[in-house]
Amino acid sequence: MRIRRLGWAGIEVEYDDSVIVVDLLENDAPLSPELAFEFPLTPPTRLGRTDGALVSHLHADHTDAAALQRALRPNAPVYRPESEKGPFGDEAHPAAVEAELRKHGLHAETVAEWDSRTVGPFRVTAVPAIDGLGDPQVSWVIDTGDLRIFHGGDTMFHGFWWSIARRLGPIDVAFMPINGPTLEEVPNIEPPSPLPAVLTPEQAAIAAHLLGAKRAVPIHYGLDKPPLYAQAPDAVNRFRRQAAELGLEAIVLEPGEDLYL
């Protein structure tokens with residue numbers, strides 16, 4: 001198996017000549033011009049020939065419809081969570097992304113928590129996650145029968161780690177968001193919260209440990225533009241230190257770098 005980090009939360013997974021992407025992103029200013037990335041985003045290796053896509057949630061920095069259209073083969077599936085839960089869901093972010101998916105003619109299918117789909121040699125299962133803005137989000141477990149990957153999107157800490165490990169483990173490598181941002185000046189989000197809206201570096205290592213993962217790769221870091229979006233300081237080194245304390249192998253991949261299992 002080859003896994004390429006694509007930048008931000010994006011990864012590409014290749015196994016038995018099949019390829020899927022997770023949280024693919026090519027737009028470098030997905031949320032607003034003020035939050036443009038200052039690090040590279042790597043395109044997938046098989047433009048127009050990727051076999052399927054998974055998205056953790058319908059925010060523009062995790063579901064890039066134009067990039068998915070370029071990457072996927074015709075009629076390839078896109079698996080995603082629901083856009084909102086119940087009559088009081090905050091639909092602003094998901095609705096805009098839903099419109100982009102329709103505009104680009106993508107075959108996006110909603111997958112409920114604990115449900116699975118098959119893409120070539122991959123069995124993909126949506127598992128519980130918690131979004132920092134309250135929108136629906138899932139994490140993904142990708143299983144080839146002999147290898148299992150966990151992808152955490154940009155989830156917060158929660159109590160489902162043990163259930164995921166029991167039902168779908170053991171996990172060979174966990175891709176964990178680590179930037180623990182605070183969102184104190186987000187438009188239309190009042191009153192502001194000083195608490196992290198994504199796993200902190202320490203929480204990410206602990207969550208990977210609770211999943212029973214052998215290795216963990218940090219994702220979703222590098223954007224630090226306070227006060228709008230303030231990343232946890234020294235995030236990668238903090239993740240490494242916590243992982244080492246837990247006996248977990250931390251593997252840091254730059255965008256475009258591959259991990260072979």
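This report walks through the fold of one predicted chain, from its overall build to single residues.

## Basis of the model

The model is predicted: local features need pLDDT of at least 70, side-chain atom pairs count only at pLDDT 80 or more, and totals for chains, interfaces and linings use all residues. Residues are numbered from 1 along each chain as its sequence is written, and side-chain values use heavy atoms, with hydrogens and water left out.

## Overall build

The chain holds five helices and 14 strands. Helices (H or I, at least four residues) and strands (E, at least two) are DSSP runs, numbered from the N terminus. The radius of gyration is 17 Å, close to the 18 Å that the globule rule gives for 261 residues, so the chain is as compact as a globular protein of that length. That radius is taken over C-alpha atoms, and the globule rule is 2.2 Å times the number of residues to the power 0.38. Along the principal axes, the C-alpha atoms fill a box of roughly 45 × 45 × 35 Å.

Of the 261 residues, 54% are buried. Buried means under 20% relative accessible area, exposed over 50%, and partly exposed in between (1.4 Å probe, protein chains only). Among contacts with a separation of 6 or more, 67% join residues 24 or more positions apart. A contact means heavy atoms within 4.5 Å.

## Surface and charge

The accessible surface comes to about 10,800 Å². Carbon and sulfur atoms account for 51% of that surface. Areas come from the Shrake-Rupley method with a 1.4 Å probe; for residues, only the protein chains shown count as cover.

The chain has 22 positive and 38 negative charges, and their mean positions are 6 Å apart. Lys and Arg count as positive and Asp and Glu as negative, while His and the chain ends are not counted. Each charge is placed at NZ of Lys, CZ of Arg, CG of Asp or CD of Glu.

Seven strands form an open sheet in the order 7-8-9-10-11-12-13, with mixed pairing. Its edge strands are strand 7 (116-119) and strand 13 (249-250), each pairing on one side only. Two strands pair if DSSP finds at least two bridges between them. Strands of a sheet pair through backbone hydrogen bonds, either parallel or antiparallel.

Strand 7 and strand 8 are antiparallel, over four bridges. Here S116 has T125 of strand 8 as its bridge partner. Two residues lie between the strands of this hairpin, where G120 takes a positive phi near 55°. Strand 8 (residues 122-128) is mostly covered, with six of its seven residues buried.

Strand 8 also pairs with strand 9, antiparallel over six bridges. Strand 9 (residues 138-143) then pairs with strand 10 (residues 148-151), antiparallel over four bridges. W140 stands opposite H151 in strand 10.

## A parallel pair

Strand 4 (residues 52-54) and strand 5 run parallel, joined by two bridges. A53 has V78 of strand 5 as its bridge partner. In strand 5 (residues 77-80), P77 and Y79 point one way, V78 and R80 the other, and all are buried.

## A235 in helix 5

A235 is found in helix 5 (residues 235-245). This residue is buried, with a relative accessible area of 4%. Beyond its neighbours within four places in sequence, A235 is in contact with I178 and P201. G222 is 13 residues from A235 in sequence and 8.7 Å away in space, C-alpha to C-alpha.
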